[in-house]
Amino acid sequence: MTDPASPTGYLADIAAQPDALLRQADSPLPASLAGLDLSRYDRIVLTGMGSSLYSFVPAERALASAGLPVWRIDAGQLLDTPERVTPNTLLWATSQSGRSGELVALLERLAGSARPRTVLATTDDPASPLALAADVLIELHSGPEATVSTKSYINTLAAHRRVLAALRGGEDDASVTAGLRRAAGELHALLADPPLPTDVAKQALAAAQPRFAYVGTGADAATALTGALITKEASRVAAEGYVGGAFRHGPLELAGPGLTVLLFGTGDEHDMALPALARDLTAGGSTVVTVGPRAYPGTGHFATPPAGGSFERLVFGIAHVQQLTVALANAAGQVPGEFRFGRKITDTL
């Protein structure tokens, strides 16, 4: 177990991610999952807070591409407008602790006659309020974490991947878990000799007005949003995450010397947004780094497996961000991943 009081707890959690992913791959899915028919629901609502919500981006895209009525909404917004959850809703909620304040309050608000048809929960704690309220429980098997979400985020991506395959059909769990094991092996090799991006961190923090923006397209938007969150948590450096072209609508004025931008995508020239954004940002003097299998022209590169699918790209992408947060904290004389004001479980509203 990682000691939350240890200054190396965050580093230990990062290193433990491959083993956590193997635990998820080795765990059976509940038999009750097979009884869910997505066509029976008038809507599918995906909810959580922070990285738990962002981890739903690939699932949201997959369900929407199948023509299903799906919404990804944070639990705080649902608590404000619980009418979004109908009696014929599949409410899929994710929380590592199962005790997030907004989520617990939402479940209490939806008790009784307001309860959705089915509550599907992904959490690490089978004794948590979320787990106890669930009709179908998927355990993360990520284990305790010191502070910043590391193992739990990757295992949540993996659990969501397995649930989608089970609900949509066309891919059996054995093939999915085999892919998870391959990804765990590749991740272990990366973390055994992590490429700490010290030069990027020092250059960024040496600017008069250092600024960070993470921009992702497609499923990689999950990494951009989560990456910005953990950068703030783990290194106390302000960073914001954006989906696709959203960065051009106002935040583009941050461009120029002192702005460091990470672009999360395929590196493919057919991408509609990121190649042009990379070109415009570098022309204006910003530092731009591609996180993906191929670099967009004119950018630096944090490489992900070229032969891997989207899951491997997401896993390697967030691992690179984790290494950047360590480098940023070190460059600023901070303890990576140490919380000063927050707590691991945010159980207050």
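Visitor: In which hand of crossing, left-handed or right-handed, does α8 pass α9?

Guide: Bear in mind that this is a predicted model. The crossing in which α8 passes α9 is right-handed.

Visitor: At what angle do α8 and α9 pack, and how far apart are their axes?

Guide: Helix α8 (151-168) and helix α9 (residues 173-192) pack at an angle of about 160°, and their axes are 9 Å apart. Angles over 145 degrees count as roughly antiparallel, and α8 and α9 are therefore roughly antiparallel to each other.

Visitor: Which residues in α8 and α9 meet?

Guide: The general idea is that an α-helix has 3.6 residues a turn, so residues three or four places apart point the same way. In this case I154, A158, R161, R162 and A165 are the residues of α8 that meet D173, V176, T177, L180 and L187 of α9.

Visitor: Which residues of α4 are buried, and what do they pack against?

Guide: In α4 the buried residues are V57, A59, A62 and L63, and these buried residues pack against the strands β1 (43-47), β2 (70-72) and β3 as well as α3, α8 and α11 (221-235). After α4 comes G67, with a positive phi near 80°.

Visitor: How is a pair of aromatic rings described, and how many aromatic pairs are there here?

Guide: Such a pair is described by the distance of the centres and the angle of the planes. The count here is three aromatic pairs. One of them is formed by F56 and W92, which are edge-to-face, with 5.2 Å centre to centre and 80° between the planes. Because F56 lies in the loop between α3 (51-54) and α4 (57-65), while W92 belongs to strand β3 (residues 89-94), this pair ties together parts that are 36 residues apart in sequence.

Visitor: Is F56 buried or exposed, and is W92 buried or exposed?

Guide: F56 is buried, its relative accessible area being 0%, and W92 counts as buried at 1% relative accessibility. Another aromatic pair, Y242 and F247, is edge-to-face, with 5.2 Å centre to centre and 80° between the planes. Y242 counts as buried at 15% relative accessibility, and F247 counts as buried at 0%.

Visitor: Which rings have the charged end of R43 or R117 over them?

Guide: The charged end of R43 sits over the ring of W71, at 5.2 Å from its centre, whereas that of R117 sits over the ring of Y41, at 5.8 Å from its centre.

How values were computed
Residues are numbered from 1 along each chain as its sequence is written. This is a predicted model: local features need pLDDT of at least 70, side-chain atom pairs count only at pLDDT 80 or more; totals for chains, interfaces and linings use all residues. Side-chain values use heavy atoms; hydrogens and water are left out. Rings of Phe, Tyr and Trp (its six-membered ring) pair if their centres lie within 6.5 Å; planes under 30 degrees apart count as stacked, over 60 as edge-to-face and the rest as tilted. Helices (H or I, at least four residues) and strands (E, at least two) are DSSP runs, numbered from the N terminus. Buried means under 20% relative accessible area, exposed over 50%, partly exposed in between (1.4 Å probe, protein chains only). A charge sits over a ring if NZ of Lys or CZ of Arg is within 6 Å of the ring centre and within 35 degrees of the ring normal. Contact means heavy atoms within 4.5 Å. Axes are lines fitted to C-alpha atoms, for helices over the stretch in contact, and angles run from 0 to 180 degrees between N-to-C directions. Angles under 35 degrees count as roughly parallel, over 145 as roughly antiparallel, 65 to 115 as roughly perpendicular and the rest as oblique. A crossing is left-handed if the near helix is turned anticlockwise from the far one by less than a right angle, and right-handed if clockwise.
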